[in-house]
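Open the model in your viewer and keep the selection tool at hand.

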Amino acid sequence: MKSTLLVGALLTAMTATSAYAQAIKLADVAELSGGGATVGTNWKNGIDLAIEEINAKGGVLGRKLEVTHADSQSNPGVARAQVQKALDAEPYVLLGPGYSGSVKVTAPLAAEAGITQIMGGEAAELTQAGNKFLFRTSFGQQSSMPKVAKYIHDDMKAKTVAVVWVNNDFGRGGRDVVIKELERLGSKVVADLSTEAGQADFAADVGKIKAANPDAVFVYLNEEESARILKELKRQGVTAPLMGETTLIGQKVIELAGDAANGARGHVGLTTDAPVDLVKQFREKFSKKYNYVPDHNGLKGYLAVYMVKATTEKMGKVDPKKFADTLHGLTIKAADEPGILMDVTFDGNGDIDRQSFLVEVVEGKQVVKQVLPKVK
Amino acid sequence: MSNLFDLLVAGLATGAIYALVAVGFTLLWQTSQTINFAQGEFVMLPAFLMLAAMHAGAPFWLAIILGILLSMILLGLGFKMLLVDPMMRHGVLPLAIATMALAIGIKEAVKQFFSAEASPFPSIVPTGDISILGHAVSLQSIGVLVVAILAVVGLTTLLNRTSLGHQMQAAAQNPTVARIIGVPVERMILLTFLINAFLVALASLLITPIYLAKFSSGEVLGQAAFIAAIVGGFNQVRGAIAGGLLIGVLDNLAAAYVSTQYRAAVPMIFLIAVILFRPQGLLGRAEERTV
């Protein structure tokens, strides 16, 4: 009698496990603490929101989505270990990390395992290494920096430019492309300043910018450092217009820098202030769930999950091996899959083509000044 | 040239904050042989206490007062009674290691209870510029300098001009004799802990608007102040002040004229030079500490 009970219990347990295995497992490794905590937290929350929505509507091909979150501590070494651990559990798709440096060291692991990696990194080199399993959720620097340089040269009419960048993969990648483009267009780079990640005191760097007296300043730092340098630029009375990327004018930067962020401009691949209805709805849902306004990383995490959904539905089955092939060259239309928010096309390298925005901070708010259309 | 002037002012402002923190180092060392490796975290924490008070609805001025009072209770009284007193009898090294553990504890606690993300912190000085000798100098730099100088002048006056200060010095220099002539040594030691807590809370108030409130922001500060204290002379309050200002200026000049990548190395190299050629520090006295 006892043994029958035991067998019964075992059977129940086994059926329970097999029902559990029906879920599609995703693994997320993100910057949940350390310097990139803002990036990683937004990314994670975006993922959770998308999964909640998709599961509420019956999942993907009738199967629920499940995700495990791991913390890279904003450290490439830790990210590598966490990704290895995540891959050992054989996820359907790997999500993250957000930092380019962490993506760079983890991408070979995912490629070797044959698992598609959808990440938040923006360094130019990431998709140029011939990795067939790596996909972006936002523009790479090779797509965004030429737009930035063109804006500095054509619209800001800057003949001299100071470039401030953070000395890591992300910063160096952006700096290399933007300086090349600026010089090609005929703007002179009068100050080329590298700063350290986590740097607190920007007095000396801003002093150098002041001494160089440029027509425009291009600031390419991570969020917290961007806030600090904006404050210091204001403190030292630098009046040259400031141009950057998403990291200069993100919500968190505006919150941290306060008044000092006003007037800063940035090219933004993704913004929750985009004049696009689906993006506005996303922003509302996100703010309602988490009680704060997400930055572009929240959008990236959200889009990553919907990329998984659209690609899987396109294949008509859950096939991790065919996933990357299907996503290469795929165009996902917002009309067909509202979760993707804006029409997007992926090329053979995993790079993205989508419309983008030119944003200025006006009285503590991101204001979209121009919409730059999809290239193709 | 104007660049050099700006760098000097900014360096002095940062240095003045280092000095406040470094003075705390020397005070604790002199009176109780405590090398407080959590000093940087002591600067980070008050800002969060003030933020917590503001979240609870207190206006900024009240949050400042509450923050300073709470700091004095937690980082002064609490630190002495719960960590220093029980560890003291085991010697200087176990105590120093205990303060390292405390530093990790404070950091992780802040990360847990607030968040790992940076938060903005209001400035007590309005933003804007004033003109000095034809140079635009930011009010914030001036404000930081003025408050720090006032604090240091107040402290040195207390130490050198008042009976209480003399008793504190006596307790620091020779506790046995001080006790014989009737100085309440225990109370004097407690007083230095409270003064240290006050100074770090003040430093927190001044630096956080610039550095942002973040759980890890104490690491850089603690290290800079420690170097400042050693460079200036660990057993001299005026040494710590000079060391703080020197490190602040040196750091900024190094960033501007050497290289941003090596800015952190320059104070370190200076520290090594001081330890090699003048181990008692620039203004320290070699013979003073005998206990």
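**Stop 1: A:Thr312**

Select A:Thr312 and display its contacts. Neighbours within four places in sequence aside, A:Thr312 touches A:Val60, A:Leu61 and A:Val318. This is a predicted model, so side-chain atom pairs count only at pLDDT 80 or more.

Now colour by secondary structure. A:Thr312 sits in helix H12 of chain A, which covers residues 296-315. Is A:Thr312 buried or exposed? A:Thr312 has 24 other C-beta atoms within 10 Å, so it is buried; the cut-off for buried is 20 or more.

The C-alpha atoms of A:Thr312 and A:His153 are 42 Å apart in space. Along the sequence, 159 residues separate A:Thr312 from A:His153.

**Stop 2: chain A as a whole**

Zoom out and select chain A. Chain A holds 13 helices and 15 strands. Its C-alpha trace spans about 90 × 40 × 40 Å along the principal axes. What radius of gyration does chain A have? The value is 22 Å. A compact globule with 376 residues would come near 21 Å, so chain A agrees with that expectation.

Colour by burial next. Of the 376 residues in chain A, 55% are buried. Then consider contacts between residues at least 6 apart in sequence: in chain A, 66% of them join residues at least 24 apart.

**Stop 3: A:Ser102**

Centre on A:Ser102. This residue lies in helix H4 of chain A. Within 10 Å of A:Ser102 there are 31 other C-beta atoms, so A:Ser102 is buried.

Show its contacts. With neighbours within four places in sequence left aside, A:Ser102 meets A:Ser72, A:Pro76, A:Ala79 and A:Pro97. A:Val78 is 24 residues from A:Ser102 along the chain, and their C-alpha atoms are separated by 8.6 Å.

**Stop 4: helices H3 and H4 of chain A**

Two packed helices are described by the angle between their axes and the distance between the axes. Select residues 76-88 of chain A for H3 and residues 100-113 of chain A for H4. The two axes come within 8 Å and cross at roughly 25 degrees. That angle makes H3(A) roughly parallel to H4(A), because angles under 35 degrees count as roughly parallel. The crossing of H3(A) and H4(A) is right-handed.

From H3(A), the contact uses A:Pro76, A:Ala79, A:Arg80, A:Val83, A:Gln84 and A:Leu87. From H4(A) come A:Gly101, A:Ser102, A:Val105, A:Thr106, A:Leu109, A:Ala110 and A:Ala113. By class, the contact of H3(A) with H4(A) has eight nonpolar, four polar and one charged residue.

**Stop 5: chain B as a whole**

Switch to chain B. Chain B has eleven helices and two strands. Walk from the N terminus: the elements run α-α-α-α-β-β-α-α-α-α-α-α-α. The radius of gyration is 19 Å, close to the 19 Å that the globule rule gives for 291 residues, so chain B is as compact as a globular protein of that length.

The C-alpha atoms of chain B fill a box of roughly 55 × 50 × 35 Å along the principal axes. Buried residues account for 49% of the 291 residues of chain B. Of the contacts in chain B between residues at least 6 apart in sequence, 72% join residues at least 24 apart.

**Stop 6: helices H3 and H8 of chain B**

Select residues 60-88 of chain B for H3, then residues 185-211 of chain B for H8. At what angle do the axes of H3(B) and H8(B) cross? They cross at roughly 140 degrees and come within 8 Å. H3(B) is therefore oblique to H8(B). The crossing of this pair is right-handed.

Show the contact residues. H3(B) brings B:Ile64, B:Gly67, B:Ile68, B:Ser71, B:Met72, B:Leu75, B:Gly76, B:Phe79 and B:Lys80. H8(B) brings B:Leu190, B:Phe193, B:Leu194, B:Asn196, B:Ala197, B:Phe198, B:Val200, B:Ala201 and B:Leu205. The contact of H3(B) with H8(B) divides into 13 nonpolar, four polar and one charged residue.

**Stop 7: where the chains meet**

Show both chains. In this interface, 25 residues of chain B are in contact with 30 residues of chain A. Select H1(B), residues 2-32, one of the elements that give two or more residues to the chain B side. H1(B) gives the most, with five residues. The side of chain B that touches chain A has twelve nonpolar, nine polar and four charged residues.

Terms used. Residues numbered from 1 in each chain as written. Chains lettered and ligands numbered in written order. Predicted model: local features only at pLDDT ≥ 70, side-chain atom pairs only at ≥ 80, totals over all residues. Axes fitted to C-alpha atoms, helices over the stretch in contact; angles between N-to-C directions. Helix = DSSP H or I, 4+ residues; strand = E, 2+ residues; numbered from the N terminus. Parallel < 35°, antiparallel > 145°, perpendicular 65-115°, else oblique. Left-handed = near helix turned anticlockwise from the far one by under 90°. Contact = placed C-beta atoms within 7 Å. Nonpolar A, V, L, I, M, F, W, Y, C, P; charged D, E, K, R; others polar. Rg over C-alpha atoms; globule rule 2.2 N^0.38 Å. Buried ≥ 20, exposed ≤ 12 C-beta atoms within 10 Å, placed from the backbone.
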